[in-house]
Amino acid sequence: MQDLIKDIEKLEVISKRLEPETELLKDWNRKVNAYGLEFVQGLDAGKAYEQYDGQELDFLDFGPEGDSIDNALEKIKSTVDHFGINPASGGHLGYIPGGGLYSSALGDYLAAVSNRYAGIFYANPGAVKMENDLIKWTAQVMGYPSDSGGNLSSGGSIANLIAVTTARDYMGIEGSKVEEAVVYMTEQVHHCVHKALRIAGLGKTIWRQVPMDSAYRMDVSALEQLMDSDKKAGRIPFMVFASAGTTDVGAVDPLNRIADLTDKYSCWFHVDGAYGAAFKLVAAFNPLFKGIERSDSLVIDPHKGLFLAYGLGIVLVKNVDALAKSHYYNANYMQDAKVDNSMDWSPADLSPELTKHFRGMRMWLSFKLFGMNAFRASIEEKHLLAKYFWVRMKEEGFELGPEPALSVVIYRFQPEAKDRDTFNMALMQTVLKDGFNFISSTRINDEIWLRLAVLSFRTHKDRIDHLIATLVHAKNELLRH
Ligand SMILES: *Cc1c(COP(=O)(O)O)cnc(C)c1O
């Protein structure tokens with residue numbers, strides 16, 4: 001017994017290093033804060049892209065006794081915060097940006113410092129109610145009934161997976177039915193939908209690629225023909241995946257007319273609004289999104305259109321019981337946490353996760369500090385910036401894709417006597433080499449287009465003007481050579 005106690009006491013001295021004195025915590029706080037503020041202050045003048053020079057990146061450099069916060073921050077600065085895309089920069093105009101509001105970092109800090117358990121209502125009624133209220137708020141914005149369910153997931157991919165799993169179980173797609181079930185989507189659907197189907201054991205369902213109109217939206221007459229012939233042939237029209245803002249071109253499928261068909265054929269209607277659904281906060285977009293409220297499930301990514309730091313997607317499912325049926329669990333060691341009727345839903349019963357990051361805090365704190373008007377204005381500003389780019393580039397003689405429904409523009413230059421694809425890739429490389437702005441490209445019908453995606457709250461007109469000037473200058477240079 002004496003030896004046991006001695007051993008414990010010896011270990012206690014060392015293990016208490018994990019509980020530093022307040023003075024050290026203050027020092028860490030001050031330095032991490034200063035680092036964060038310096039980072040943010042440098043964004044306006046800084047680059048959005050830094051090409052990786054190939055230097056070795058090694059993070060297994062911690063010794064047994066620990067290091068200083070100065071060394072740690074120095075290391076982060078020269079590696080993580082140096083190479084690649086800087087998504088916090090307003091110059092990030094490729095893929096789908098978002099930005100990362102400073103308030104969401106503070107929300108994460110608060111959530112992690114207290115480490116509240118947001119998986120089960122019993123464990124922290126406040127944290128879980130906060131997340132459930134945010135889901136209710138989202139439902140209200142989207143026109144879903146107040147008794148809809150949902151989950152704050154790590155992102156859009158997992159949110160889509162949760163919806164697919166729920167639809168699968170609700171529609172009874174199992175066993176021999178898998179190969180008779182048909183899913184409908186356009187070629188522009190996000191690839192995470194393909195992944196979700198495979199992960200959910202639905203890789204062998206029949207996948208129909210519905211044709212699109214000239215603005216890359218689902219052709220509803222074509223969809224009707226496909227559903228009709230599948231039904232007549234004894235197959236099961238199982239699920240339609242519509243996009244409320246495709247990643248490639250920002251197209252919104254005709255949701256209301258699709259809803260007529262999913263009603264008619266008793267098919268699950270899913271809307272992937274990971275990129276675009278946040279635009280519904282702005283009243284002017286309501287006609288474009290008409291019918292979104294008729295879907296059975298819907299995805300929105302607050303780490304895109306609501307500018308939060310990475311790690312937050314939301315899935316809404318109208319039938320919360322169906323969502324729970326696919327995700328609830330029972331375990332003996334959880335018996336104290338059983339749902340009783342006075343309690344709200346627990347995230348652990350509505351998603352694959354048990355213990356989870358308390359993601360609601362970053363969203364709630366941001367809403368609480370800024371209010372919604374700033375978000376609305378910023379979202380509308382992004383749309384108008386995309387429109388401005390579209391008009392200006394047309395004036396500069398570029399070929400433009402459809403006028404932006406949301407905030408993505410595809411464009412390219414058609415050079416005489418030069419290969420178009422090679423020319424446009426060279427244009428993009430010039431922008432990336434400069435690095436002040438970051439843009440990306442895509443391939444549609446096997447042709448190269450350059451893309452502009454405006455969705456960082458930090459992107460304003462000066463950035464867009466800078467990009468236009470860089471592109472026009474690079475185009476002229478390339479033409480001269
Ligand atoms: C970004 C995106 C996704 C994937 O979401 P993640 O948060 O990256 O997992 C799905 N669908 C669309 C339309 C997207 O733009």
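Analyst: In this predicted model, β12 provides three residues to the lining of the second largest pocket, the largest share.

User: What makes a residue part of the lining of the second largest pocket?

Analyst: A lining residue has an atom within 4 Å of a point of the pocket. For the second largest pocket, 17 residues line the space, and Tyr95, His190, His191, Thr247 and Asp248 lie nearest its centre. At least two lining residues come from α10 (302–305), and at least two from β12 (440–444).

User: How is the lining of the second largest pocket divided into nonpolar, polar and charged residues?

Analyst: Nine of its residues are polar, four are nonpolar and four are charged. Asp counts as charged, so Asp248, one of the residues nearest the centre, belongs to the charged class.

User: What volume does the largest pocket have?

Analyst: The largest pocket holds about 1,300 Å³ of space. Its lining comprises 44 residues, with Tyr35, Gly36, Phe39, Val40 and Asp81 closest to the centre. For the second largest pocket, the volume is about 350 Å³.

User: Which element gives the most to the lining of the largest pocket?

Analyst: With 10 residues, α2 gives the most. Elements supplying at least two residues each include α2 (22–41), α3 (69–78) and α4 (102–114), together with the strands β1 (49–50) and β2 (84–85).

Definitions and conventions
Residues numbered from 1 in each chain as written. Predicted model: local features only at pLDDT ≥ 70, side-chain atom pairs only at ≥ 80, totals over all residues. Heavy atoms only, no water. 1 Å grid on protein atoms, 1.4 Å probe; cavity = no way out; pocket = protein on both sides within 12 Å on 5 of 7 lines; lining within 4 Å. Points joined across faces, edges and corners; volume = space filled by probe spheres on them. Helix = DSSP H or I, 4+ residues; strand = E, 2+ residues; numbered from the N terminus.
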